[in-house]
Amino acid sequence: SLLSLQSQKLMSSDAKEALSDSQSRVNSVALLHRMLYQGEQIGIVNMKLYLETLIEEITYSVHRDFHYELKVQKEVNLPVEKSTSIALIVNELVTNSVKHTEGLNKLTVRIHLGNEDEQLVLTYEDNGPGVSSEVWERSTSFGNQLVRIQSLQLKGIYNIDGIPGFKYQLRIPA
């Protein structure tokens, strides 16, 4: 709420966008804390419910219709630290897809989270124009840096694929 109030006083569209992005990041962590207090197991997060709610909130905040497909294996329940990092990554990726596909009639986002070969695998795809892995890696945007940092914090290995579309896959040791 404080960030929203502050953004109303700004004249610069860049500053408003930066505050909006920060507000989205704070919301993803605040959502986690709300869910922790409502959850059955202290310190463990049901990722299916968390990501569903997170994407619904992002959809509401970006003021743009887009289609999303979310597949999370039922048994993916994670500790707070991993949940927070994954949520921040998903938040950034969805927000970037929405921002960078404004001319696209129907944006579709696909997210899959599940266990595979003793690893937790997060796969994110959209049907936008995409970006090469080299360009994505060189990007100095705060959002891309945040995704890279969170990926490393999870001790994961990620891969970027694109053009057409964008694909990010993160493999985390189980």
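This is a predicted model: local features need pLDDT of at least 70, side-chain atom pairs count only at pLDDT 80 or more; totals for chains, interfaces and linings use all residues.
**A walk from a hairpin to the core**

Residues are numbered from 1 along each chain as its sequence is written, and side-chain values use heavy atoms, with hydrogens and water left out.

Back to the hairpin. Strand 4 and strand 5 have two residues between them there, and Asp-117 takes a positive phi near 50°. The two strands run antiparallel, paired over eight bridges; strands count as paired if DSSP finds at least two bridges between them. Strand 4 also pairs with strand 2, this time in the parallel sense and over six bridges. In that pairing, Lys-71 has His-112 of strand 4 as its bridge partner.

Zooming out, the chain has six helices and seven strands, where helices (H or I, at least four residues) and strands (E, at least two) are DSSP runs numbered from the N terminus. Their order from the N terminus is α-α-β-α-β-β-α-β-β-α-α-β-β.

Now for the helices. Helix 3 and helix 4 have axes that come within 10 Å and cross at roughly 35°; the axes are lines fitted to C-alpha atoms over the stretch in contact, with angles from 0 to 180 degrees between N-to-C directions. Helix 3 contributes Met-47, Tyr-50, Leu-51, Leu-54, Ile-58 and Val-62 to the contact, and among the residues facing them from helix 4 are Ile-86, Val-90 and Val-94. Contact here means heavy atoms within 4.5 Å.

What about the inside? Of the 174 residues in the chain, 41% count as buried, meaning under 20% relative accessible area with a 1.4 Å probe, protein chains only. The largest nonpolar core has 35 residues, and those touching the most other members are Met-47, Ile-86, Val-94, Ile-111, Leu-113, Leu-122 and Tyr-168. Such a core is a set of buried Ala, Val, Leu, Ile, Met, Phe, Trp, Tyr and Cys residues joined through side-chain atoms within 4.5 Å. Helix 3, helix 4 and strands 2, 4, 5, 6 and 7 each supply at least two of its residues, and helix 4 gives the most, with seven.

Leaving aside residues up to four places away in sequence, Ile-111 touches Ile-55, Glu-69, Leu-70, Lys-71, Val-90, Val-94, Leu-122, Thr-123 and Tyr-124.

Key:
Buried means under 20% relative accessible area, exposed over 50%, partly exposed in between (1.4 Å probe, protein chains only).
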